[in-house]
Amino acid sequence: MRHLTVKRVRVDDTFAEAFTMRATGLVITADSARWARQAAVTMTGFATSVIGCGCEAGIDRELTPRETPDGRPGVRVLLFAVSTSELQKQLQTRVGQCVLTSPGSACYAGLDGDERLKLGSALRYFGDGWQVSKRFAGKHYWRVPVMDGEFVCEATTGLSKSGVGGGNLIIMGQGTAATLAAAQAAVKAIGAVPDVIVPFPGGIARSGSKVGSKYKGLKASTNDAFCPTLRGAVRSSLDADVGSVLEIVIDGLAPEAVASAMRAGIAAILKLGPSRGALRISAGNYGGKLGPHHFHLKGLLP
């Protein structure tokens, strides 16, 4: 594959191929930043890939009391799914099991839009008839009695049909420590970009996948072309000096947000340099035949 060399790091002349997804956002608040984040972390657990988790979810950013509807510390989370019905299911289940249960929590719409998903309107039944409807400043809320007081939850939140899932960077280094350092630097930089999440553990996936498998019924399997231990046994995409590969997957509310996140990640990797980080940057695609969003790496260079 052709590549460019930028600051002694090889950057493949390729693109990341991403897909249009349904998306929504929530604002979770609590009496302290610790408990707002705890509710958000719990809610977005087991949400790394739609392949096996039903949705992809993560924390977009932390919010100060001035940025939240109730003047308390908060966290904004984003959720992505392949269909509106699946997104509604995941939203209701995750808020009901992970936010409603969290001490001192409240939940509000984190995304505007004419189309809406049920939030408190679906969870209010937990109040067993004691729930109270409240309208304030043009918005509709439900107050559900719980054992530490009330769970306040906005009735609905916005639905976007133009979310983007699957922006990605494939990071290759000589050893595991250096490759991880490059990936961590990229994730940190991406964290400053609004309206995006990196859903895998710590924002990083070591088990990059390809579509399909030799085993019937398996939708995805190990991306053998990027597995260092399989070099020589398969048609490898790795150079001789690469001993470790990690991937960052990015979901965003718009193509521009994903592009900005990829640009920030690439810049951080290049700044770290090959001696302490990555030797090469690439991206995963399917030849441009499946996903409508193509993010060319050479166009995202700082």
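This is a predicted model: local features need pLDDT of at least 70, side-chain atom pairs count only at pLDDT 80 or more; totals for chains, interfaces and linings use all residues.
Modeller: Residues are numbered from 1 along each chain as its sequence is written, and side-chain values use heavy atoms, with hydrogens and water left out.

Biologist: How many of the residues of strand β5 are buried?

Modeller: Strands here are DSSP runs of E with at least two residues, helices are runs of H or I with at least four, and both are numbered from the N terminus. Buried means under 20% relative accessible area, exposed over 50%, and partly exposed in between, with a 1.4 Å probe and protein chains only. Gly74, Arg76, Leu78 and Phe80 point one way from β5, whereas Val75, Val77, Leu79 and Ala81 point the other way, and all are buried. Strand β5 (residues 74-81) is therefore largely enclosed by the rest of the structure, the count being eight of the eight.

Biologist: Which residue stands opposite Phe80 in β5?

Modeller: Two strands pair if DSSP finds at least two bridges between them. Strand β3 (residues 15-29) pairs with β5 in the antiparallel sense over eight bridges. The residue opposite Phe80 is Ala23.

Biologist: Is Ala192 buried or exposed?

Modeller: Ala192 lies in the loop between α4 (176-190) and β13 (196-197). Because its relative accessibility is 67%, Ala192 counts as exposed.

Biologist: What does Tyr286 count as at 35% relative accessibility?

Modeller: Tyr286 is placed in the loop between β17 (280-282) and β18 (293-296). At that 35%, Tyr286 counts as partly exposed.
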